[in-house]
Amino acid sequence: GVAVLLSSLGGVGMWSVVAALPAVQADFGVTRADAPLPFSLSMIGFALGGVLWGRVADRIGVMLPVMVGALALGLGYAAAAWAGSLWHFALAYGVLIGLFGCSATFVPLIADTSLWFERRRGIAVTLCASGNYIAGAVWPPVVEHFVGTVGWRQTHLGIAMFCVATMLPLSLLLRRRAPGVGGGAASAVARSAPASLGLSPGSLQAVLAVAGVCCCVAMSMPQVQIVAYCGDMGYGVAHGARMLSLMLGMGVISRLGSGLIADRIGGVGTLILGSTLQCLT
């Protein structure tokens with residue numbers, strides 16, 4: 001429960017820039033092609049940070065990474081609020097919010113959650129993985145509301161204070177390590193797991209990484225552009241934020257369903273099912 005809540009709070013770093021995109025674009029006077037740069041850099045930072053914080057969590061647990069992530073989110077949103085150009089704004093998102101911030105509240109928490117469960121591990125992991133989609137369902141309308149009432153800079157300062165005030169106390173609840181884990185035992189668990197599909201663990205990891213990128217390319221473009229596009233079409237950015245929330249809310253249902261299916265038919269079968277459905281869509 002704490003992991004899901006922290007992931008939902010820290011996941012603001014993935015979606016706030018989408019809700020603020022029209023206002024940021026207008027303020028900096030940039031084109032629509034340039035405006036998504038902060039999102040792109042934050043996702044690159046999110047990917048790299050996931051690897052970094054995953055290694056740290058294997059060694060010392062998840063509490064410290066989450067605490068650092070909370071502080072980085074606070075600094076990142078404050079830096080974004082005072083940005084004087086799109087590049088300054090984008091770097092705040094890429095480095096502080098993406099690399100050191102929200103990435104610390106996603107991958108390490110999922111990895112740690114998997115170590116606490118033997119039965120029904122699939123649904124346990126997908127519950128935790130749903131945190132950033134819960135963030136996508138909740139945060140965009142909230143951010144859009146405050147951007148429209150107090151402006152995007154004040155909204156970013158508010159998010160900075162909120163993240164630090166809520167996430168630091170919650171992180172203290174993660175002091176305990178998973179049973180039997182310590183001193184690199186998490187890595188030992190991963191090394192002892194049997195390979196799937198006749199591939200070595202490293203090869204399987206590479207194939208899954210490529211599959212993840214291919215899956216998410218088609219998914220991410222409408223998510224990033226939907227709020228600004230609804231404004232362009234005359235529906236208003238508030239409707240766009242609600243559409244984004246609906247998309248990501250359904251993503252929560254999808255992830256939970258995938259976890260239940262994985263517990264019954266295994267991970268490979270679930271991946272084949274999901275890939276087939278996405279292809280048909």
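From the N terminus on, the protein chain runs α-α-α-α-α-α-α-α-α-α-α-α-α. This is a predicted model: local features need pLDDT of at least 70, side-chain atom pairs count only at pLDDT 80 or more, and totals for chains, interfaces and linings use all residues. Residues are numbered from 1 along each chain as its sequence is written, and side-chain values use heavy atoms, leaving out hydrogens and water.

Q: How many helices and strands are there in the protein chain?
A: Helices (H or I, at least four residues) and strands (E, at least two) are DSSP runs, numbered from the N terminus. The counts are 13 helices and 0 strands.

Q: Is T113 buried or exposed?
A: T113 sits in helix α6, residues 107-116. Buried means under 20% relative accessible area, exposed over 50%, partly exposed in between (1.4 Å probe, protein chains only). T113 has 11% relative accessibility, so T113 counts as buried.

Q: Which residues does T113 contact, leaving aside neighbours within four places in sequence?
A: Contact means heavy atoms within 4.5 Å. By that rule, T113 is in contact with A3, A124, V125 and C128.

Q: Which residues touch the most other members of the largest nonpolar core?
A: A nonpolar core is a set of buried Ala, Val, Leu, Ile, Met, Phe, Trp, Tyr and Cys residues joined through side-chain atoms within 4.5 Å. The largest one has 52 residues. The residues touching the most other members are Y77, F89 and L109.
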